[in-house]
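Subject: The structure for you to look at

Hi there,

Here is the structure I promised to pass on.

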Amino acid sequence: MKNTKKYMYQPGDIVIVRKDLDEYKSYKMFAGPYKDKTWSIHPDMCLMRGQAVHISGIHEYGAYLISETDEFVWTDEMFSGLAYNECCCNSDYWYCHSRPG
């Protein structure tokens, strides 16, 4: 298993995909061993704008994997932050998160 201590987000975190995700931009990793590496996005990733997603792991090239799709990799800059203290509608149900501790 990859050491995730140096990453901004950890497996199990729930994050929000940026509402302004742009298929014509590249997005950076802000932390981890691949800090400052940029990744382009696939246009289908824009369909997830504003949605809460679950970090499921770290790809071998240093970007995040999410449990909602195994087709793409994600960077720190593609997320607007943790979903704590927010209520979100995802598909047919609502759920809320509060910051632990």
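A word on terms before the notes: helices (H or I, at least four residues) and strands (E, at least two) are DSSP runs, numbered from the N terminus. This is a predicted model, where local features need pLDDT of at least 70 and side-chain atom pairs count only at pLDDT 80 or more, while totals for chains, interfaces and linings use all residues. Residues are numbered from 1 along each chain as its sequence is written, and side-chain values use heavy atoms, with hydrogens and water left out.

The overall picture

The protein has zero helices and nine strands. Taking contact as heavy atoms within 4.5 Å, 58% of the contacts between residues at least 6 apart in sequence join residues at least 24 apart.

The five-stranded sheet

Five strands form an open sheet in the order β6-β5-β4-β1-β7, with antiparallel pairing. At its edges are β6 (69–74) and β7 (79–82), each of which pairs on one side only. Two strands count as paired if DSSP finds at least two bridges between them.

- β5 (residues 64–66) and β6 are antiparallel and share two bridges. A hairpin of two residues links β5 to β6, and isoleucine 66 has threonine 69 in β6 as its bridge partner.
- β1 (residues 14–17) and β4 (residues 52–58) run antiparallel and are joined by three bridges. Isoleucine 16 has alanine 52 in β4 as its bridge partner, and isoleucine 14 stands opposite histidine 54 of β4.
- β1 also pairs with β7, again antiparallel, over three bridges. Here valine 17 has phenylalanine 79 in β7 as its bridge partner.

Two loop residues to look at

Is lysine 19 buried or exposed? Lysine 19 counts as exposed because its relative accessibility is 71%. You will find lysine 19 in the loop between β1 and β2 (26–28). Leaving aside neighbours within four places in sequence, lysine 19 is in contact with Arg49 and Gly50. Lysine 19 and arginine 49 are 30 residues apart in sequence, with their C-alpha atoms 4.6 Å apart in space.

The other residue is glutamate 77, in the loop between β6 and β7. Glutamate 77 is buried yet has no salt bridge, that is, a side-chain nitrogen of Lys or Arg within 4 Å of a carboxyl oxygen of Asp or Glu. Which side chain of opposite charge is nearest to glutamate 77? That is arginine 18, 4.3 Å away; for charges, Lys and Arg count as positive and Asp and Glu as negative, with His and the chain ends not counted. Not counting residues up to four places away in sequence, glutamate 77 touches Arg18, Ser26, Tyr27, Lys28 and Phe30.

Best wishes

Note on methods:
Buried < 20%, exposed > 50% of the residue type's maximum accessible area, 1.4 Å probe, protein only.
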